[in-house]
Amino acid sequence: MAKSRAERLISNAEGMDAVVIANDGEPFLDSTFWYLTEQSSGTFEGSFAIVRKDGTLDVIVSILEEESANDGVGDVHVYHDREEREKYIRDALSGCSKVGFNTHSATYAAVQYVKKVAADIEPVDAGNAIDATVSVKDAKEIEATKHACKISSQVAAEIPDYLSEGVSEKEVAARMDSRMRELGGTGNAFDTIAAFGAYSSQPHHMPCDYRLKKGDTALFDFGSKYDRYCSDMTRTVFLGKPPEILERAYEVVREAQLAGIAEYHDGAKANAADLAARKIIDESEFKGKFIHSFGHGIGMDVHQAISVSPRSDQILHAGNVISAEPGIYIPGVGGIRIEDTCLVTENGCEVLTSFDHSFTVV
């Protein structure tokens, strides 16, 4: 029988008697809470998910979240006041000494609160254990991710229909966001990037009032959520014929992405894909113009702990979901990025997003 998510987490939490996921409230809400409880709704402010050494999961929520919590997994304990909540925390951590917290998201106040309530516990860092657990997706997670990728892929296919001379970055980004919702998305994976002309050389440009002109690059980085899981993809097209240097850059980026994806498989060094793609770019006229890493982990958060960078010492595993996104950026001229969401498999990888990668002039 396959291990539960809580069992997988505690098996990775070496030397810990328990792991506590504390949701303080906006903006300090930890996606690990929904990962463990398998909830699709509910805010769960002031809630706790506590995994003990035997792999059992206690879910401590207020009366506000009772119905949503009961639709998930774990032993649900509903509190009506602060004293009742603290009793459930003490009971869950009874006999525990070393207690792990998600140092990537837990606030100092939350850790100190649990320490005060439970007494005699030693807070330790469970961040690496959580990363190792959530980075390997189960079948349910993969299905949700594929659905999110299907939604964003459909929007990618429609992008040429949204473009015309004089349309603004903000207008196209808003249309894409609306369309992802129309297709069943439950939210954006992140704020949509729409970058026209010279703005496309800024990897994290936010849409502004700039209006598309003939010869401009139109770069879009976007993703949908479905059942809390994210997709992430980038498409770069052109309104009319662009400068020849950008045509050449596009072909180099396309070749670099294929080289990197070829390195994605179970047991591969995470840096191999980046090095393969970077080699192609740096051997071209665009040496030094690839200014970020080749990829990152994707899950309930659009950026998870897997780093596909030249310095990464991580190993890829079947079930990892990661991006593949080389780019070339020429300040004052424009940028090119091609990105897909990929699932690592035992024999290679499955590209989950789909759109035409060929040089596209609208």
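Biologist: How do the axes of helix α1 and helix α6 cross?
Modeller: This is a predicted model, where local features need pLDDT of at least 70, side-chain atom pairs count only at pLDDT 80 or more, and totals for chains, interfaces and linings use all residues. Residues are numbered from 1 along each chain as its sequence is written, and side-chain values use heavy atoms, with hydrogens and water left out. The axes of α1 (residues 5-12) and α6 (residues 127-134) come within 8 Å and cross at roughly 135 degrees. That makes α1 oblique to α6; angles under 35 degrees count as roughly parallel, over 145 as roughly antiparallel, 65 to 115 as roughly perpendicular, and the rest as oblique. Axes are lines fitted to C-alpha atoms, for helices over the stretch in contact, with angles from 0 to 180 degrees between N-to-C directions. Helices (H or I, at least four residues) and strands (E, at least two) are DSSP runs, numbered from the N terminus.

Biologist: Which residues of α1 and α6 meet?
Modeller: Arg5, Arg8, Leu9 and Asn12 of α1 meet Ala129, Ile130, Ala132 and Thr133 of α6, contact being heavy atoms within 4.5 Å. Four of the residues in this contact are nonpolar, two are polar and two are charged. Ala, Val, Leu, Ile, Met, Phe, Trp, Tyr, Cys and Pro count as nonpolar, Asp, Glu, Lys and Arg as charged, and the others, Gly among them, as polar.

Biologist: Sheets next. Is strand β1 buried or exposed?
Modeller: Six of the six residues of β1 (residues 18-23) are buried, so the strand is largely enclosed by the rest of the structure. Buried means under 20% relative accessible area, exposed over 50%, and partly exposed in between (1.4 Å probe, protein chains only).

Biologist: Which residues are on each side of it?
Modeller: Ala18, Val20 and Ala22 are on one side of β1, with Val19, Ile21 and Asn23 on the other. In a regular strand the side chains alternate between the two faces of the sheet.

Biologist: And which strands does β1 pair with?
Modeller: β1 pairs in the parallel sense with β5 (residues 98-101) over three bridges, and Val19 stands opposite Gly100 there. Six bridges join β1 to β2 (residues 47-52) in an antiparallel arrangement, where Phe48 is the bridge partner of Ala22. Two strands pair if DSSP finds at least two bridges between them.

Biologist: What is the order of the open sheet with β8 in it?
Modeller: The order is β8-β9-β12, three strands with antiparallel pairing. β8 (193-196) and β12 (233-239) are the edge strands, each pairing on one side only. The twist averages 15 degrees from one strand to the next. Helix α8 (residues 169-182) packs on this sheet, touching β8 and β9, and its direction makes about 150 degrees with that of β8.

Biologist: Last topic. What is phi at Ala119 and at Arg228?
Modeller: Ala119 has phi near 65 degrees, a positive value in a residue other than glycine. Arg228 also has a positive phi, about 80 degrees, although it is not a glycine. Most residues other than glycine have a negative phi.

Biologist: Where are they found?
Modeller: Ala119 is in the loop between α5 (108-118) and β6 (122-125), and Arg228 lies in the loop between β10 and β11. Ala119 counts as partly exposed at 37% relative accessibility, and Arg228 counts as partly exposed at 23%.
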